[in-house]
Amino acid sequence: MQPAVPLPELAGVSWRSLESGESLARRGRIWTAWTLLQAIPFVGVAALLMVLEPLSAPVAFLSLVHAWVIPELYAFRGSNVVRPKPTRAAGPEEVAQGLLGDLLDHEPRELQRQTGLALEPGAFGIWLVGEGGAVLVAPGGRRVHCFCVGVSDGDLPPSDRIAHLLLALRQDEIGFATVANSSFSGAAWRLRRRMAPESRPALTAAVAAARRLRD
(Lines give C-alpha, C1' and ligand atoms only; values in the text may rest on other atoms or scores of the structure.)
Protein backbone atom coordinates (compact mmCIF):
# COMPACT_ATOMS: atom_id res chain seq x y z
CA MET A 1 0.00 0.00 0.00
CA GLN A 2 1.35 3.39 -1.01
CA PRO A 3 1.69 6.04 1.73
CA ALA A 4 -0.34 9.23 1.72
CA VAL A 5 2.79 11.21 0.79
CA PRO A 6 5.02 9.25 -1.62
CA LEU A 7 8.66 10.25 -2.03
CA PRO A 8 9.02 13.06 -4.61
CA GLU A 9 12.10 11.26 -6.00
CA LEU A 10 9.77 8.65 -7.50
CA ALA A 11 8.99 11.12 -10.28
CA GLY A 12 12.59 10.80 -11.43
CA VAL A 13 12.34 7.02 -11.92
CA SER A 14 8.84 6.82 -13.36
CA TRP A 15 9.84 3.92 -15.62
CA ARG A 16 10.46 1.65 -12.63
CA SER A 17 7.73 -0.54 -11.21
CA LEU A 18 7.05 -0.07 -7.53
CA GLU A 19 8.87 -2.57 -5.37
CA SER A 20 7.01 -5.17 -3.34
CA GLY A 21 7.89 -8.18 -1.26
CA GLU A 22 7.28 -10.37 -4.31
CA SER A 23 9.48 -8.28 -6.60
CA LEU A 24 12.31 -8.29 -4.06
CA ALA A 25 12.08 -12.07 -3.73
CA ARG A 26 12.12 -12.37 -7.52
CA ARG A 27 15.17 -10.09 -7.72
CA GLY A 28 16.93 -12.33 -5.22
CA ARG A 29 16.27 -15.40 -7.34
CA ILE A 30 17.57 -13.60 -10.43
CA TRP A 31 20.75 -12.55 -8.60
CA THR A 32 21.32 -16.14 -7.49
CA ALA A 33 20.70 -17.56 -10.96
CA TRP A 34 22.97 -14.97 -12.62
CA THR A 35 25.76 -15.66 -10.14
CA LEU A 36 25.47 -19.41 -10.66
CA LEU A 37 25.55 -18.98 -14.43
CA GLN A 38 28.88 -17.21 -14.09
CA ALA A 39 30.41 -19.49 -11.46
CA ILE A 40 29.32 -22.97 -12.58
CA PRO A 41 31.36 -22.99 -15.83
CA PHE A 42 34.55 -22.58 -13.77
CA VAL A 43 33.53 -25.52 -11.58
CA GLY A 44 32.83 -27.55 -14.72
CA VAL A 45 36.23 -26.69 -16.18
CA ALA A 46 37.93 -27.76 -12.95
CA ALA A 47 36.10 -31.09 -12.94
CA LEU A 48 36.88 -31.70 -16.61
CA LEU A 49 40.58 -30.97 -16.14
CA MET A 50 40.80 -33.41 -13.26
CA VAL A 51 39.09 -36.12 -15.29
CA LEU A 52 41.30 -35.60 -18.36
CA GLU A 53 44.58 -34.99 -16.59
CA PRO A 54 44.99 -35.24 -12.80
CA LEU A 55 48.33 -33.45 -13.10
CA SER A 56 46.41 -30.33 -14.08
CA ALA A 57 45.21 -30.00 -10.46
CA PRO A 58 46.85 -26.56 -9.98
CA VAL A 59 44.97 -25.18 -12.99
CA ALA A 60 41.75 -26.81 -11.79
CA PHE A 61 42.28 -25.20 -8.39
CA LEU A 62 42.64 -21.78 -10.01
CA SER A 63 39.39 -22.37 -11.85
CA LEU A 64 37.65 -23.14 -8.55
CA VAL A 65 39.12 -19.98 -7.07
CA HIS A 66 37.52 -18.01 -9.90
CA ALA A 67 34.17 -19.65 -9.13
CA TRP A 68 34.50 -18.59 -5.48
CA VAL A 69 35.68 -15.05 -6.23
CA ILE A 70 32.72 -14.11 -8.46
CA PRO A 71 30.06 -14.04 -5.68
CA GLU A 72 32.62 -12.56 -3.29
CA LEU A 73 33.13 -9.60 -5.62
CA TYR A 74 29.40 -9.03 -5.81
CA ALA A 75 29.19 -9.13 -2.01
CA PHE A 76 32.05 -6.65 -1.76
CA ARG A 77 30.19 -4.28 -4.06
CA GLY A 78 27.12 -4.66 -1.87
CA SER A 79 29.09 -3.93 1.29
CA ASN A 80 30.26 -0.62 -0.17
CA VAL A 81 26.82 0.90 0.39
CA VAL A 82 27.31 0.75 4.16
CA ARG A 83 31.08 1.06 4.33
CA PRO A 84 32.21 3.83 6.72
CA LYS A 85 33.35 6.98 4.96
CA PRO A 86 36.48 8.97 5.94
CA THR A 87 36.16 10.90 9.19
CA ARG A 88 34.97 14.50 8.80
CA ALA A 89 34.83 17.56 11.03
CA ALA A 90 33.85 16.48 14.54
CA GLY A 91 31.78 19.54 15.51
CA PRO A 92 28.93 19.29 12.96
CA GLU A 93 28.90 15.51 13.31
CA GLU A 94 28.41 15.67 17.08
CA VAL A 95 25.36 17.88 16.61
CA ALA A 96 24.01 15.67 13.82
CA GLN A 97 24.59 12.57 15.96
CA GLY A 98 22.41 14.03 18.67
CA LEU A 99 19.62 14.80 16.22
CA LEU A 100 19.82 11.31 14.72
CA GLY A 101 19.72 9.81 18.20
CA ASP A 102 16.37 11.53 18.77
CA LEU A 103 14.93 9.51 15.87
CA LEU A 104 15.96 6.15 17.30
CA ASP A 105 14.93 4.08 20.29
CA HIS A 106 17.52 3.24 22.92
CA GLU A 107 18.90 -0.02 21.50
CA PRO A 108 19.05 1.13 17.84
CA ARG A 109 20.63 4.38 19.03
CA GLU A 110 23.44 2.57 20.83
CA LEU A 111 23.89 0.20 17.88
CA GLN A 112 24.15 3.12 15.47
CA ARG A 113 26.76 4.85 17.59
CA GLN A 114 28.83 1.67 17.72
CA THR A 115 28.49 0.61 14.08
CA GLY A 116 27.43 3.68 12.09
CA LEU A 117 24.27 1.92 10.89
CA ALA A 118 20.69 2.64 11.97
CA LEU A 119 18.44 -0.40 12.39
CA GLU A 120 14.86 0.17 11.24
CA PRO A 121 12.07 -2.46 11.01
CA GLY A 122 9.93 -2.23 7.88
CA ALA A 123 7.26 -4.06 5.96
CA PHE A 124 9.87 -5.72 3.72
CA GLY A 125 12.14 -6.82 6.57
CA ILE A 126 14.81 -5.21 8.73
CA TRP A 127 16.75 -2.27 7.30
CA LEU A 128 20.24 -1.05 8.12
CA VAL A 129 20.66 2.55 6.99
CA GLY A 130 24.09 4.09 6.42
CA GLU A 131 25.15 7.41 5.00
CA GLY A 132 25.55 6.06 1.46
CA GLY A 133 22.95 3.34 1.23
CA ALA A 134 20.97 0.68 3.03
CA VAL A 135 20.84 -3.07 3.53
CA LEU A 136 17.52 -4.88 3.76
CA VAL A 137 17.56 -8.19 5.62
CA ALA A 138 14.62 -10.19 4.34
CA PRO A 139 12.30 -12.02 6.78
CA GLY A 140 14.04 -15.18 7.95
CA GLY A 141 17.44 -13.51 8.01
CA ARG A 142 19.04 -15.55 5.25
CA ARG A 143 19.01 -13.10 2.34
CA VAL A 144 20.06 -9.47 2.16
CA HIS A 145 19.41 -6.80 -0.47
CA CYS A 146 21.92 -3.95 -0.74
CA PHE A 147 20.79 -0.58 -2.08
CA CYS A 148 22.90 2.37 -3.10
CA VAL A 149 21.09 5.63 -2.34
CA GLY A 150 22.31 8.96 -1.05
CA VAL A 151 21.50 12.53 -0.16
CA SER A 152 22.15 15.19 -2.78
CA ASP A 153 23.84 17.58 -0.33
CA GLY A 154 27.36 16.21 -0.05
CA ASP A 155 28.35 18.69 2.68
CA LEU A 156 26.05 17.18 5.30
CA PRO A 157 27.77 15.33 8.17
CA PRO A 158 27.34 11.53 8.16
CA SER A 159 24.61 11.37 10.81
CA ASP A 160 22.56 14.00 8.97
CA ARG A 161 22.77 11.92 5.81
CA ILE A 162 21.62 8.84 7.72
CA ALA A 163 18.77 10.82 9.29
CA HIS A 164 17.59 12.02 5.86
CA LEU A 165 17.57 8.48 4.49
CA LEU A 166 15.91 7.12 7.61
CA LEU A 167 13.11 9.67 7.39
CA ALA A 168 12.64 8.92 3.68
CA LEU A 169 12.40 5.21 4.48
CA ARG A 170 9.81 5.86 7.19
CA GLN A 171 7.81 8.11 4.91
CA ASP A 172 7.63 5.70 1.98
CA GLU A 173 9.35 2.31 2.22
CA ILE A 174 8.06 1.23 -1.18
CA GLY A 175 9.29 4.43 -2.79
CA PHE A 176 12.63 4.18 -0.99
CA ALA A 177 13.25 0.66 -2.31
CA THR A 178 12.10 1.71 -5.78
CA VAL A 179 14.30 4.81 -6.03
CA ALA A 180 17.41 3.12 -4.63
CA ASN A 181 19.74 1.22 -6.96
CA SER A 182 20.25 -2.46 -6.21
CA SER A 183 23.92 -3.40 -5.86
CA PHE A 184 23.74 -6.93 -4.41
CA SER A 185 21.35 -9.63 -3.30
CA GLY A 186 22.60 -12.77 -1.65
CA ALA A 187 23.41 -14.61 1.54
CA ALA A 188 23.73 -12.58 4.72
CA TRP A 189 26.86 -14.50 5.75
CA ARG A 190 28.57 -13.60 2.50
CA LEU A 191 27.85 -9.90 2.96
CA ARG A 192 29.03 -10.02 6.57
CA ARG A 193 32.45 -11.27 5.49
CA ARG A 194 32.91 -8.19 3.32
CA MET A 195 31.61 -5.57 5.74
CA ALA A 196 33.93 -3.48 7.89
CA PRO A 197 34.48 -5.27 11.24
CA GLU A 198 32.96 -2.40 13.22
CA SER A 199 29.75 -2.63 11.16
CA ARG A 200 29.20 -6.38 11.47
CA PRO A 201 27.36 -6.29 14.83
CA ALA A 202 24.64 -4.24 13.12
CA LEU A 203 24.11 -6.98 10.54
CA THR A 204 24.10 -9.59 13.30
CA ALA A 205 21.36 -7.67 15.11
CA ALA A 206 19.36 -7.18 11.91
CA VAL A 207 19.57 -10.89 11.02
CA ALA A 208 18.37 -11.82 14.52
CA ALA A 209 15.45 -9.41 14.20
CA ALA A 210 14.61 -10.72 10.71
CA ARG A 211 14.54 -14.29 11.99
CA ARG A 212 11.94 -13.32 14.56
CA LEU A 213 9.71 -12.07 11.74
CA ARG A 214 9.31 -15.71 10.66
CA ASP A 215 8.72 -17.05 14.19
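Trainee: Where is Glu19 found?

Mentor: Glu19 is found in the segment before H1. Helices here are DSSP runs of H or I with at least four residues, strands are E runs of at least two, and both are numbered from the N terminus. The model is predicted, with local features needing pLDDT of at least 70 and side-chain atom pairs pLDDT 80 or more, while totals for chains, interfaces and linings use all residues. Residues are numbered from 1 along each chain as its sequence is written, and side-chain values use heavy atoms, leaving out hydrogens and water.

Trainee: Why does Glu19 count as buried?

Mentor: Its relative accessibility is 9%. Buried means under 20% relative accessible area, exposed over 50%, and partly exposed in between, with a 1.4 Å probe and protein chains only. Therefore Glu19 counts as buried.

Trainee: What is Glu19 in contact with?

Mentor: Contact means heavy atoms within 4.5 Å. Leaving aside neighbours within four places in sequence, Glu19 is in contact with Leu24, Arg27, Phe124, Ile174, Ala177 and Thr178.

Trainee: Why does Glu173 count as buried?

Mentor: Glu173 lies in helix H6, residues 173–179. Its relative accessibility is 14%, so Glu173 counts as buried. Beyond four places in sequence, its contacts are Gly122, Ala123, Phe124, Gly125 and Trp127. Glu173 and Phe124 are 49 residues apart in sequence, yet 8.2 Å apart in space, C-alpha to C-alpha.

Trainee: What makes H1 roughly antiparallel to H2?

Mentor: The axes of H1 (residues 21–52) and H2 come within 7 Å and cross at roughly 170 degrees. That angle makes the pair roughly antiparallel. Under 35 degrees counts as roughly parallel, over 145 as roughly antiparallel, 65 to 115 as roughly perpendicular, and the rest as oblique. Axes are lines fitted to C-alpha atoms, for helices over the stretch in contact, and angles run from 0 to 180 degrees between N-to-C directions.

Trainee: Which residues of H1 and H2 meet?

Mentor: From H1, they include Trp31, Trp34, Phe42 and Leu49. From H2, they include Ala57, Leu64, Ile70 and Tyr74.

Trainee: How do you know that the buried residues of H4 line one face?

Mentor: The buried residues of H4 (residues 106–115) are Pro108, Leu111, Gln112 and Thr115. Seen down the helix axis, they fall within an arc of 100 degrees, so they line one face. The arc is that of the directions from the helix axis to the C-beta atoms. The face turned away carries the exposed residues His106 and Gln114. Gly116 follows H4 and has a positive phi, near 85 degrees.

Trainee: Why are Cys146 and Cys148 classed as they are?

Mentor: Cys146 has 0% relative accessibility, so it counts as buried. Cys148 has 39%, so Cys148 counts as partly exposed.

Trainee: Which residues touch the most other members of the largest nonpolar core?

Mentor: Leu128, Val135, Val137, Val144, Phe184, Leu191 and Leu203, out of 25 residues. H8 (200–212) is among the elements that each supply at least two residues. H8 gives the most, six. A second, separate core of 24 residues includes Leu100 and Ile162. Such a core is a set of buried Ala, Val, Leu, Ile, Met, Phe, Trp, Tyr and Cys residues joined through side-chain atoms within 4.5 Å.
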